[in-house]
There are 2 protein chains.
Amino acid sequence: MTTGSFVRKVFSATHPFASPVLCQRCHIHQQVLAMASANRVLTLDNLNSNVVKMEYAVRGPLVIRALAIEKELSEGAKKSFSSVIRANIGDAHAMGQKPISFIRQVLACVSDPSLINDANYPSDVKQRAKLLLSGCGGHSVGSYSHSNGIEIIRKHVAEYITRRDGGIPSYPQQILLSGGASEAIRNVLKLFIDHDNTKRKTGVMIPIPQYPLYSATVVEFALGLVGYYLDESNNWSLNISELERAYKESLKEYDTRVLCVINPGNPTGQVLTKENVEQIIKFAYKNKLFLLADEVYQDNIYGEGLKFYSFKSVMKSMGKPFSELELCSFHSCSKGYMGECGLRGGYAELINIDPDVFVHLEKMTSAKLCSTVLGQCAMDCVVKPPALGEPSYDRWLKEKTTTLNSLKSRADAVCKAYDSIDGITCNSVQGAMYAFPRIHIPQKAVDKAKSMNQEADFFYAMQLLESSGICVVPGSGFGQKPGTYHFRTTILPQEDMMSDMLERFRKFHNKFMLEYS
Amino acid sequence: MTTGSFVRKVFSATHPFASPVLCQRCHIHQQVLAMASANRVLTLDNLNSNVVKMEYAVRGPLVIRALAIEKELSEGAKKSFSSVIRANIGDAHAMGQKPISFIRQVLACVSDPSLINDANYPSDVKQRAKLLLSGCGGHSVGSYSHSNGIEIIRKHVAEYITRRDGGIPSYPQQILLSGGASEAIRNVLKLFIDHDNTKRKTGVMIPIPQYPLYSATVVEFALGLVGYYLDESNNWSLNISELERAYKESLKEYDTRVLCVINPGNPTGQVLTKENVEQIIKFAYKNKLFLLADEVYQDNIYGEGLKFYSFKSVMKSMGKPFSELELCSFHSCSKGYMGECGLRGGYAELINIDPDVFVHLEKMTSAKLCSTVLGQCAMDCVVKPPALGEPSYDRWLKEKTTTLNSLKSRADAVCKAYDSIDGITCNSVQGAMYAFPRIHIPQKAVDKAKSMNQEADFFYAMQLLESSGICVVPGSGFGQKPGTYHFRTTILPQEDMMSDMLERFRKFHNKFMLEYS
């Protein structure tokens with residue numbers, strides 16, 4: 001898709017200024033673009049070219065069209081479906097998951113401290129609220145926190161990591177709280193921007209398929225995108241030989257210095273074995289790479305016998321020289337069993353970072369003042385949930401277990417359902433919140449898409465949306481081996497909606513295959 | 001101060017790793033830096049050079065030293081003062097200002113919706129909470145919002161602006177909610193980054209003195225910093241002749257395309273007259289400049305007979321061609337009478353922006369998903385407070401009025417007190433939250449500072465902190481005419497602390513002047 005067409009597609013769905021016309025090419029209601037005034041200072045011609053180039057498919061044209069369809073439905077439009085199913089984004093609460101009560105009660109109390117005297121709240125909620133407020137300037141969540149985050153919360157994060165990693169110590173001084181993991185990932189990648197155009201760009205290795213935050217950020221920051229393919233035929237595993245290939249090839253163009261790993265995988269759902277993590281660490285050491293471990297799905301492990309191994313714990317247990325690798329690990333309150341995306345809580349643990357670098361990172365984040373204090377408080381409840389014996393423990397455990405069990409059963413159901421459909425193959429969802437099925441798109445449909453200047457999977461996904469109301473993200477938004485086509489769907493629709501979605505999907509897919517076979 | 005010394009200063013106060021040593025030059029406890037491993041991938045040598053260059057004085061070395069002193073005091077250190085007074089940052093709640101109840105009650109209800117059934121909350125709080133939740137996916141603030149922000153809140157923002165500007169319409173489609181104003185300002189400035197090194201950099205005009213977010217961002221983004229001086233002898237007014245001078249001079253080096261104005265001023269507190277705003281708009285039109293209006297202090301006007309004139313209202317009332325200028329105006333829930341800094345709520349109104357540009361801006365922000373939903377909800381309460389006749393109205397009005405009256409009386413008290421001291425002159429604080437007194441530093445002290453490789457006002461402010469516990473920001477962090485010295489202090493300490501602060505200050509200053517005269 002060209003930039004111009006992207007702009008028009010998006011513009012059409014968001015700007016209510018001009019008269020709607022139907023674009024025959026992309027089947028989106030378009031509007032005549034207002035002529036840009038000749039006097040405008042900032043236009044497409046002189047706009048930051050990397051901003052123009054970057055793409056972020058999770059909220060791309062399909063999602064914008066989905067919103068428009070929702071609006072049409074709400075205005076009484078007749079369609080063969082009565083609702084849009086938003087399976088495009090890992091947004092658990094939007095799909096009906098209920099929040100963890102402990103988190104919300106603490107947030108209510110720190111927002112309105114008069115509730116600390118409310119008889120209805122358990123004592124551990126009140127104690128936590130008091131503790132958090134004692135860490136805030138003027139005992140108010142309305143104060144700026146330290147740019148790194150509130151000290152007591154960073155201490156709790158470090159305790160959590162130490163517990164999680166079987167006693168391998170973590171230090172509050174190496175924790176930075178952030179507005180979701182995204183902000184922290186972007187802040188760390190920003191350190192690698194090089195303004196000296198005479199030198200080769202810093203290469204950043206990212207998995208293909210990948211979560212598009214990485215590709216978008218790498219493009220925005222003018223870094224070099226070095227993709228390494230995950231092995232679909234082996235349940236999206238990460239092969240060292242492929243890392244070696246991608247690294248070697250990248251050196252022709254880039255000074256490759258960063259390796260990003262997403263574990264459990266997004267959109268691919270694989271969970272790395274301990275041995276695999278060890279191999280990756282050895283690879284990073286051998287090639288002098290700075291490791292970014294996106295571990296936001298660490299609580300979302302469904303596969304039998306699988307376990308989450310943090311990069312830090314494996315690295316530290318390997319001893320020197322591997323234990324001295326530079327590593328940033330990211331976590332978030334948006335995923336796991338809590339799914340608190342809108343609260344924007346997250347953290348980064350920075351290990352073995354050059355102290356000089358750390359100071360400049362702190363300075364840089366300080367110019368943005370601080371991340372949301374309420375998001376920080378939510379993160380606190382995630383890393384320090386009610387303990388056994390405390391009044392909120394039973395309720396918390398029940399809510400957590402119910403959600404994780406339900407996610408596990410939906411993960412099973414989704415991949416089995418897709419894998420059973422002719423023309424679709426789907427690896428098992430070992431972890432995270434997504435399935436990434438492969439669609440074997442008939443050549444006739446590929447040609448048709450080409451004639452419309454679309455990727456075949458974009459064409460497929462748009463047809464799926466228009467005729468069934470299911471919104472997924474085409475594989476091209478995450479990257480895939482040339483000639484293969486996929487889509488990412490979340491496993492988040494609740495059981496009822498899930499059956500409905502799979503039913504709608506089956507109907508669409510069979511019709512599509514018939515039409516283009 | 002050299003980069004190395006900055007790093008060591010900051011490192012000393014934040015990293016607890018190594019043994020403390022006292023630096024004779026900057027009087028900060030330092031620690032021996034851990035030797036950077038020869039194997040490190042990321043070091044000061046290859047770190048993003050703009051991140052190294054950027055400075056942000058509001059949270060710079062003085063503040064870090066202030067935190068260290070607080071820790072020393074809490075550990076029983078004996079000093080001539082018993083507390084640190086943090087007058088360095090506009091952080092109202094940290095200085096004892098109480099939150100607006102309506103905002104906090106709404107936040108509590110949307111966090112824990114069971115409170116909507118609580119008999120203790122007024123009905124308008126509950127209605128607002130219900131309305132906001134109806135705008136959230138799955139009726140939960142834990143869902144991602146649209147990247148531009150929740151639709152109903154953007155509608156309320158547009159209604160607020162329309163009301164504020166006497167009926168000049170504002171449209172929700174032109175509103176972007178953001179994590180405080182800072183994030184929105186950075187997002188807009190990012191659009192001007194140019195990756196073509198063969199062309200001249202885009203110049204961004206910012207006032208001197210300025211809020212250092214601007215200089216930090218301009219440096220980080222490799223834009224061209226074009227300073228225009230405010231006129232201290234005329235209560236920091238903005239002279240068009242100085243704008244002309246700065247613009248013309250800048251063209252030798254830059255392609256100057258952006259003009260930032262802060263009104264009311266930070267750190268200078270001036271409030272622009274309508275005529276002045278008109279002149280600035282004419283200047284921007286004549287020279288084809290994109291206008292950024294930082295209007296976060298629009299509620300903080302203290303001077304007799306002064307009024308806030310938004311750039312938008314003036315521009316629109318001037319008619320064509322001025323009404324077609326590209327303008328972004330920023331607001332925040334961190335300042336005003338609410339002072340909710342930690343909640344990170346803010347918005348930008350984007351007027352006359354090229355629709356293509358707008359779409360790419362939306363796409364770029366979508367890669368960061370969304371700003372904090374609770375921050376958005378707080379912004380909602382700011383732009384749509386309880387209306388006359390609603391149950392929360394009286395309490396809200398009383399809280400607002402009390403806070404604003406108290407700020408006004410502190411603004412008066414602070415500038416009068418400073419201006420009455422020998423060796424200090426201080427303009428009146430017409431608005432915002434700061435005084436920016438000029439210190440007439442004796443040559444002997446200037447020489448002493450020079451011998452320590454410090455700016456004279458940094459030296460003065462560090463002495464002030466060490467001997468009185470008052471933390472202010474040296475004028476060099478904001479910019480000032482060469483050879484003049486200032487500091488920024490907030491007017492936020494509550495009345496008691498304010499008397500204490502002025503008393504401590506007077507004592508220090510007289511001693512300092514005696515010592516160096």
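Student: How many residues of chain B are in contact with chain A?

Tutor: In this predicted model, 107 residues of chain B are in contact with 107 residues of chain A. The area buried between chain B and chain A is about 9200 Å², and carbon and sulfur atoms give 58% of that area.

Student: Why give an area at all?

Tutor: The size of an interface is often given as the accessible area lost when the parts come together.

Student: OK, and how many salt bridges and polar contacts are there across the interface of chain B and chain A?

Tutor: The rule finds 4 salt bridges across the interface of chain B and chain A, and it also finds 47 residue pairs in polar contact there, with both residues at pLDDT 80 or more.

Student: Which elements give two or more residues to the side of chain B that touches chain A?

Tutor: They are helices of chain B, including α1 (3–14), α3 (61–74), α4 (101–111), α7 (180–190) and α12 (355–366). The largest share of that side of chain B, 10 residues, comes from α12(B). By class, the side of chain B that touches chain A has 50 nonpolar, 34 polar and 23 charged residues.

Student: Back to the salt bridges, what does E220(A) pair with?

Tutor: E220(A) forms a salt bridge with K190(B), and the closest N and O atoms of the two are 2.9 Å apart.

Student: Are those two buried or exposed?

Tutor: E220(A) is buried, and K190(B) is buried as well.

Student: How many salt bridges are there in the whole structure?

Tutor: A search of the whole structure finds 44 salt bridges over all chains. One of the pairs is K312(B) with E349(B), whose closest N and O atoms are 2.8 Å apart. K312(B) lies in helix α11 (residues 311–317) of chain B and E349(B) in strand β10 (residues 346–351) of chain B, so this pair ties together parts that are 37 residues apart in sequence. K312(B) and E349(B) are both buried.

Student: What about D165(A)?

Tutor: D165(A) forms a salt bridge with R164(A), with the closest N and O atoms 3.0 Å apart. D165(A) is buried, with a relative accessible area of 8%, whereas R164(A) is partly exposed, with a relative accessible area of 23%.

Student: Which residues are linked in a network of salt bridges?

Tutor: R65(A), E72(A), K79(A) and E466(A) are linked in such a network.

Student: New topic, which residues have the most contacts inside the largest nonpolar core?

Tutor: That core has 288 residues, and those with the most contacts inside it are Y418(A) and Y418(B). Leaving out residues up to four places away in sequence, Y418(B) touches several residues, among them F487(B), T489(B), M501(B) and F505(B). A second, separate core of 34 residues includes Y247(B), I281(B), A293(B) and V473(B).

Student: Where is T489(B) found?

Tutor: T489(B) is found in strand β16 (residues 485–490) of chain B. T489(B) counts as buried because its relative accessible area is 0%, and buried means under 20%. Again leaving out residues up to four places away in sequence, T489(B) touches residues including A87(B), V414(B), Y418(B) and V472(B).

Student: And Y247(B), which helix is that in?

Tutor: Y247(B) is in helix α9 (residues 240–250) of chain B, where the buried residues include I240(B), L243(B), A246(B) and Y247(B). The buried residues of α9(B) pack against β5 (202–208), β6 (224–229), β7 (255–262) and α10 (274–286) of chain B.

Key
Residues are numbered from 1 along each chain as its sequence is written. Chains are lettered from A and ligands numbered from 1 in the order in which they are written. This is a predicted model: local features need pLDDT of at least 70, side-chain atom pairs count only at pLDDT 80 or more; totals for chains, interfaces and linings use all residues. Side-chain values use heavy atoms; hydrogens and water are left out. Contact means heavy atoms within 4.5 Å. Buried area is the accessible area (1.4 Å probe) that two parts lose on being put together, summed over both. A salt bridge is a side-chain nitrogen of Lys or Arg within 4 Å of a carboxyl oxygen of Asp or Glu. A polar contact is a pair of N or O atoms within 3.5 Å; within protein, one must be able to donate a hydrogen and the other to accept it, and residues adjacent in sequence count only if both atoms are side-chain atoms. Helices (H or I, at least four residues) and strands (E, at least two) are DSSP runs, numbered from the N terminus. Ala, Val, Leu, Ile, Met, Phe, Trp, Tyr, Cys and Pro count as nonpolar, Asp, Glu, Lys and Arg as charged, and the others, Gly among them, as polar. A nonpolar core is a set of buried Ala, Val, Leu, Ile, Met, Phe, Trp, Tyr and Cys residues joined through side-chain atoms within 4.5 Å. Buried means under 20% relative accessible area, exposed over 50%, partly exposed in between (1.4 Å probe, protein chains only).
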